Amino acid sequence: MLLFRYGEERAARRIARAIRQARPVNGTRQLADVVEKAIGRHGPHHPATQTFQALRIVVNGELDSLEKTLPLAVQALAPGGRLAVISFHSLEDRLVKEYFRLESRDCICPPRQPVCTCGHKASISEITRRPITPDEEEIKRNPRARSAKLRVAEKLPVH
């Protein structure tokens, strides 16, 4: 479940079974080998990349930290101040996108509700509706930038 949810790994069950059968797994090299043996090599990236991503996200509490930090960052901005967030995988980007979309709306009531009862007021305006991604030149200079997505929002004046 962890590999599927945080690594977005389609072969999560197969990998989990392989890890369980290989126990004890001592070290990252052995884990990478177990994953590669379980699902084989396809594409330019190592097959264990998503497995390690899932483990890193959970161990470091990355998504929880991001969820807690976004409101604090917006709160710390002066009106007209801008918040720029760079995400490096789809789970982070989805969190940022959903937060920006939610906080840029005046009403967050369900769409079928005839009258607004939430009282929510937009606190930011999305500057980038779609994320800014690196071009080929930047990726050549810095291959780690290939998955980076930049989103920007501006704090609105208090009504």
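A: Let's begin with arginine 151 and aspartate 93, which form a salt bridge whose closest N and O atoms are 2.8 Å apart; the term stands for a side-chain nitrogen of Lys or Arg within 4 Å of a carboxyl oxygen of Asp or Glu. Because arginine 151 belongs to strand β3 (residues 149-155) and aspartate 93 to helix α6 (residues 90-103), this pair ties together parts that are 58 residues apart in sequence. Helices (H or I, at least four residues) and strands (E, at least two) are DSSP runs numbered from the N terminus. Arginine 151 and aspartate 93 are both buried, where buried means under 20% relative accessible area, exposed over 50%, and partly exposed in between (1.4 Å probe, protein chains only).

A word on the ground rules: this is a predicted model, in which local features need pLDDT of at least 70 and side-chain atom pairs count only at pLDDT 80 or more, while totals for chains, interfaces and linings use all residues. Residues are numbered from 1 along each chain as its sequence is written, and side-chain values use heavy atoms, with hydrogens and water left out.

By the salt-bridge rule, the count comes to nine. One of the salt bridges joins arginine 129 to glutamate 126, at 3.0 Å from N to O. Here arginine 129 is exposed, with a relative accessible area of 53%, whereas glutamate 126 is buried at 16% relative accessibility. Both belong to a network of salt bridges that links Arg101, Glu126 and Arg129.

Arginine 29 and aspartate 33 also form a salt bridge, with their closest N and O atoms 3.0 Å apart. These two are four residues apart in helix α3, so about one helical turn separates them. Arginine 29 counts as exposed at 55% relative accessibility, and aspartate 33 as partly exposed at 37%.

Staying with that helix, the axes of α3 (residues 28-39) and α4 (residues 49-60) come within 9 Å and cross at roughly 130 degrees. Axes are lines fitted to C-alpha atoms, for helices over the stretch in contact, and angles run from 0 to 180 degrees between N-to-C directions. The two helices are therefore oblique to each other, given that under 35 degrees counts as roughly parallel, over 145 as roughly antiparallel, 65 to 115 as roughly perpendicular and the rest as oblique. Thr28, Leu31, Ala32 and Val35 of α3 make the contact with Thr51, Phe52 and Leu55 of α4, contact meaning heavy atoms within 4.5 Å.
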